[in-house]
Amino acid sequence: MRIILTGGAGYIGSHTAAVLVERGHEVIILDNFVNAERDVPARLKSLTGREITIIEADIRSTEAVTAALQAHRVDAVIHFAALKAVGESEADPLLYYDINIIGTIRLLQSMQAAGIGRIVFSSSATVYGQPDSSPILENAPTRVENIYGRTKLVMEDLIRDLARVGKLKAAANLRYFNPVGAHPSALIGETPRGVPNNLMPYVTQVATGERPYLNVFGKDYPTRDGTGERDYIHVMDLAVAHAMALEHICGNDVSVTVNLGTGHGTTVLELVKAFETVTGKTIPVSIAPRRAGDVASYYADPALAQRLFGWKATLNLEDMCRDSWRWQAKRAGINDV
Ligand code: NAD
Ligand code: UFG
């Protein structure tokens, strides 16, 4: 298939691009590079051996996006482009409504104008808010706990509505749990702006010496060791899931909403220990107060993705730590990996 990836130069999009090319699909990236490095296309080329067409555009530019969809006669869209920082969304709600919600409406309008009716969408486990229990099934209640989460839920609803009334032929809302890791080549990975919000990039920056220690946000949660528990998923497993979901919905013209996680919870201290074991690095920690808005524990029930399109995570916590470290160490010019 020929597929446009909005936000395809970003973290998850670039890994998905690599996997799609490997599976024989043709990939076109549409990105405005607001949160992507300019040399990602070149790195993808050296990884895949293929030239990937890049369209520099904003998803809200209906004219440019429609023209791109028409010119390349694409079969489907994978929609990654969005802003994703919870704190920033609370500080600037209109920015998030604009880029995430209006941006998605504009994209859907462009798709309709170009006659493209198949989409895979990057949703998030954040739509579950504070879950009643884990593992979380897709039919668990959704709860909005912040503006970023609100935008994800609205975008999911827009896509589900269009599919229900037949304006989309096929759609997949993919609810990612906690993506970490990098391509094993260390040619692509995650590049957070400034101080990382997320655990794994912070840990890798402590390991390079860029930060002195990790603040562990809360040690009084009702979990095995008192620290927050999450379902970390390797970005390569996530990338493969996109390809399989896409092939499934396009092959059958169906619409689905599925969790993408491993089904296993890992606490902050368990992740730190696994990282230390895999890399031989010591991660000093300091126990800090709970972070506002954090949930104690959640992990996916990922069985639906396996039932529908045969996907199951194959990489474990050690793989995630090793590949995250390889990527960050290379960027920091450390050659011991
Ligand atoms: P990312 O920021 O690395 O990638 C997003 C890409 O979209 C970037 O390349 C950015 O330049 C581009 N972009 C942003 N606004 C745009 C616009 N208006 N027009 C065109 N391009 C634009 O983020 P990511 O981690 O790869 O996340 C991809 C998607 O997955 C996002 O929708 C995010 O909300 C969702 N998601 C991410 C996580 C996570 O932890 N990384 C978890 C759940 C869901
Ligand atoms: N944590 C620390 N120290 C840090 C960073 C994180 O102890 O420096 C802890 C958090 O308190 C939490 C766990 O590590 O217990 C994971 O935190 P992350 O920030 O890595 O991930 P979250 O689960 O909080 O958030 C992620 C995405 C959100 C998304 C949410 C649900 O960052 O955008 O998953 O999908 F909304």
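Predicted model: local features only at pLDDT ≥ 70, side-chain atom pairs only at ≥ 80, totals over all residues.
1. The shell around ligand 1 holds 26 residues, and the closest of them are Ile 12, Asp 31, Asn 35, Lys 84 and Tyr 148. By residue class the shell around ligand 1 divides into 15 nonpolar, seven polar and four charged residues.

2. A backbone N or O atom of Gly 10 is placed 3.1 Å from an oxygen atom of the ligand, while a backbone N or O atom of Ile 59 lies 3.0 Å from a nitrogen atom of ligand 1. From the side chain of Tyr 148, an N or O atom is 2.7 Å from an oxygen atom of ligand 1. On its own, ligand 1 has 820 Å² of accessible area, of which the protein covers 95%.

3. For ligand 2, the shell comprises 21 residues, with Asn 198, Asn 215, Arg 230, Arg 291 and Asp 294 coming nearest. Here α7 and β8 (214–217) each supply at least two residues, and the largest share, four residues, is that of β8. The shell around ligand 2 is made up of ten nonpolar, seven polar and four charged residues.

4. A backbone N or O atom of Thr 126 lies 3.4 Å from an oxygen atom of ligand 2, a polar backbone atom of Phe 217 is 2.9 Å from an oxygen atom of the ligand, and a polar side-chain atom of Arg 291 lies 2.8 Å from an oxygen atom of ligand 2. The protein covers 89% of the 690 Å² of accessible area that ligand 2 has on its own.

5. Helix α11 (residues 317–331) has 15 residues, and its span of 21 Å from first C-alpha to last is close to the 21 Å expected at 1.5 Å a residue. At its N-terminal end the helix is capped by Asn 316, a side-chain oxygen of which lies 3.1 Å from the backbone nitrogen of Glu 318; just after α11, Gly 333 takes a positive phi of about 75 degrees.

6. The buried residues of α11 include Leu 317, Met 320, Cys 321, Trp 325 and Trp 327, together with Asp 319 and Asp 323. Among the elements that cover the buried residues of α11 are α2 (40–48), β7 (178–180), α7 (199–208) and α9 (268–279).

Terms used:
Residues numbered from 1 in each chain as written. Chains lettered and ligands numbered in written order. Heavy atoms only, no water. Near = heavy atom within 4 Å. Polar contact = N/O pair within 3.5 Å; in protein donor to acceptor, adjacent residues only side chain to side chain. Areas by Shrake-Rupley, 256 points an atom, 1.4 Å probe, with all protein chains shown as cover. Nonpolar A, V, L, I, M, F, W, Y, C, P; charged D, E, K, R; others polar. Expected span 1.5 Å × (residues − 1). Buried < 20%, exposed > 50% of the residue type's maximum accessible area, 1.4 Å probe, protein only. Contact = heavy atoms within 4.5 Å.
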